[in-house]
Amino acid sequence: MQWWHKTVMDIGLNKRPYVVSWEDLKLCMRARFVPPHYRKELLLKLQRLQQGTQSVNDYFKELETTLTKVEMHESEEFKMAMFEKGNSRCGRII
């Protein structure tokens, strides 16, 4: 709450741009609360993601969740390629 009150005061003093949309608020909050290395860690997690002992459904949910967190809005072909990459290492046939 203190952070938001300070942000509103900074907006009033023209130290910050107005927050007029949900996207503006997300950017403002992300700048304050998400560490800079978070995106890099998510990209590494995405790169290392494998099905392992997870069910296909759980593995795919984790893949989609990680893509969403990284804010990668990729094509279905890209998702399928990532899915197959992580699935092929475990030796399973889908």
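Hi everyone. Read from the N terminus, the elements of this chain go α-α-α-α-α. That makes 5 helices and 0 strands, where helices (H or I, at least four residues) and strands (E, at least two) are DSSP runs numbered from the N terminus. What you see is a predicted model, in which local features need pLDDT of at least 70, side-chain atom pairs count only at pLDDT 80 or more, and totals for chains, interfaces and linings use all residues. Residues are numbered from 1 along each chain as its sequence is written, and side-chain values use heavy atoms, with hydrogens and water left out.

How much of the chain is buried? Of its 94 residues, 22% count as buried. Here buried means under 20% relative accessible area, exposed means over 50%, and partly exposed is in between (1.4 Å probe, protein chains only).

Now to the largest pocket. Its volume is about 230 Å³. A pocket is found on a 1 Å grid over the protein atoms alone, as an open set of points where a 1.4 Å probe fits, with protein on both sides within 12 Å along at least five of seven lines; lining residues have an atom within 4 Å of a point. The volume is the space filled by probe spheres set on the points.

Which helices supply at least two residues each of the lining? They are α2 (22–33), α3 (38–48) and α4 (56–70), with the largest share, 4 residues, coming from α2. Among the lining residues are Lys26, Met29, Val34, Tyr38 and Glu71. By class, the lining has 7 nonpolar, no polar and 5 charged residues; Ala, Val, Leu, Ile, Met, Phe, Trp, Tyr, Cys and Pro count as nonpolar, Asp, Glu, Lys and Arg as charged, and the others as polar.

Val34 sits in the loop between α2 and α3, and is partly exposed at 32% relative accessibility. Together with Met29, Phe33 and Tyr38, Val34 makes a nonpolar surface patch of about 340 Å². Such a patch joins nonpolar side chains (Val, Leu, Ile, Met, Phe, Trp, Tyr) within 5 Å, from residues with over 30% relative accessible area and no salt bridge.

Last, the charged pairs. Side chains of opposite charge can pair when their charged atoms come close. Counting a side-chain nitrogen of Lys or Arg within 4 Å of a carboxyl oxygen of Asp or Glu as a salt bridge, there are 2.

One joins Lys26 to Glu23, with the closest N and O atoms 3.2 Å apart. Both belong to α2, 3 residues apart, or about one turn of the helix. Lys26 is partly exposed at 27%, and Glu23 is partly exposed at 46%.

Lys45 pairs with Glu62, the closest N and O atoms being 3.7 Å apart. Because Lys45 lies in α3 and Glu62 in α4, this pair ties together parts that are 17 residues apart in sequence.

Note on methods. Patches are made of residues with over 30% relative accessible area and no salt bridge: like charges are joined within 9 Å, nonpolar side chains (Val, Leu, Ile, Met, Phe, Trp, Tyr) within 5 Å. Accessible areas come from the Shrake-Rupley method with a 1.4 Å probe; for residues, only the protein chains shown count as cover.
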